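Please read the numbered points below with the structure in view.

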Amino acid sequence: MENYSYLHLGEPEDPDRNVVCKYRVTTDLPMEKAAEAIAAEQSTGTWTGISTLDHSIFDDLGARITSIEGDMVTCEFPAADFSIETGSVPQILSVIAGNLFGLGALKAVRLEDVTFPKSILEQFKGPKFGADGIRKALHRPEEPLVGTIVKPKIGLSPEKTAEYVYEAGAGGLTNSKDDETLVDQRFCPIEDRTIRVSEALDRLEEEGHYMMHAINVSTRADRIVELAEKVQGWGAREIMIDVITCGFGCLQALAEDPSIKVPIHVHRTMHGAFTKDPFHGINMLPLTKLVRMVGGDALHIGTLGVGKMAADAHDDKNLAACLGDELPYKRVMPVCSGGVYPGIVGDIIARSGMDVQIQAGGGVAGHPGGIRAGGMAMSQAVEAAYKGIPAEEYAKTHAELAAALERWGSR
Ligand code: CAP
Ligand code: MG
């Protein structure tokens, strides 16, 4: 049985032809052996030599280990390893993030980054609206967007949800959303909720304030487009999808369907199962790139080291993946959310810059003055950051912000 070597150390990376992956590898084996195990398993090999593999297959489709630097391995997959159909993230993930996580040769392995060649990128359409389309709809060309998540995350009736949204908008917020676990439960049927929230948004608009609320349409693949179309028909101005639990295929179906004419807010719940461990799983960065490729308009990227969710050391790279030119698509609005309250808004914006949607659930619903005051406090905190004024200073003339600083402090 012929042996095929996947080691091409020293060969220059070829991002124009290959999908180039960076893996962080922990192993008791020599790193070359561990790296080869990844390349073999994810391309043309298996645990033992096989009689059916020949040089023509190997040379065309075999992955190449082109560099090993410490615990970082670069593995390049020929574009021909990927589906020729128009853009299939499920098949891409089966190659770059599949069996390798279970290989006995590795104690741990983490996909840190991936770059795609033009031949793959051109199979995807990217966002319909993107960050700039959302800004245009909100008539908010420069300032950070500021939003809330209706809390408690489940339990409010459609009426109470609509009341929350109205009060939050009356407090100046530009965005609100369903929480990730709310879709279509008996205590808050999606049709009733969408209609009532839409009425609240229309009332705010008549009063001179335009606001978006994202209705969560996360459901089965065979129903999600139909549900989104219905929600849109009931007046939704934005929809939301839990992309990890629904799958990238669902997001792509929504984003590419011409009947869906509203932005898609992408929540990433369950990502912590594989992003949190610095040595095993998948870094947020590859997921951020894939969300932009398949067409998410706004995406949760964490709170840049501030707030309740564990910080991702590469959050700034996620900002660049959302907003930068590396990917040839419309920009994605980065969403910073999770344990946010007015006292830390300045810190987050200092890290994110102004192209961001900052949102707070508890940080609005927990305000001593109620939802409207909570919305005002978050809006004031964003205004202060936009004007370059410390929150404590701004609070001297903005009572709602002062009350929030009193309640939760600042960093
Ligand atoms: C925030 C939130 C969001 C988190 C998810 C929550 O609520 O609604 O889902 O932002 O984190 O349920 O925790 P709070 P991430 O503002 O009350 O914390 O964006 O990092 O995935
Ligand atoms: Mg939530």
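1. Between domain 1 and domain 2 the count is one salt bridge, that is, a side-chain nitrogen of Lys or Arg within 4 Å of a carboxyl oxygen of Asp or Glu. K289 and D113 form a salt bridge, with their closest N and O atoms 2.7 Å apart.

2. The model is predicted: local features need pLDDT of at least 70, side-chain atom pairs count only at pLDDT 80 or more, and totals for chains, interfaces and linings use all residues. Residues are numbered from 1 along each chain as its sequence is written, and side-chain values use heavy atoms, with hydrogens and water left out.

3. Domain 1 spans 18-121 and domain 2 spans 130-408, bounds that come from an automatic or database domain assignment. The centres of the two domains, taken over C-alpha atoms, lie 35 Å apart.

4. In contact (heavy atoms within 4.5 Å) are 18 residues of domain 1 and 21 residues of domain 2.

5. About 1700 Å² is buried between the domains, and carbon and sulfur atoms give 61% of this area. Buried area is the accessible area (1.4 Å probe) that two parts lose on being put together, summed over both. On the side of domain 1, V89, R110 and L121 lose the most area to domain 2, together 36% of what that side buries.

Technical notes
Chains lettered and ligands numbered in written order.
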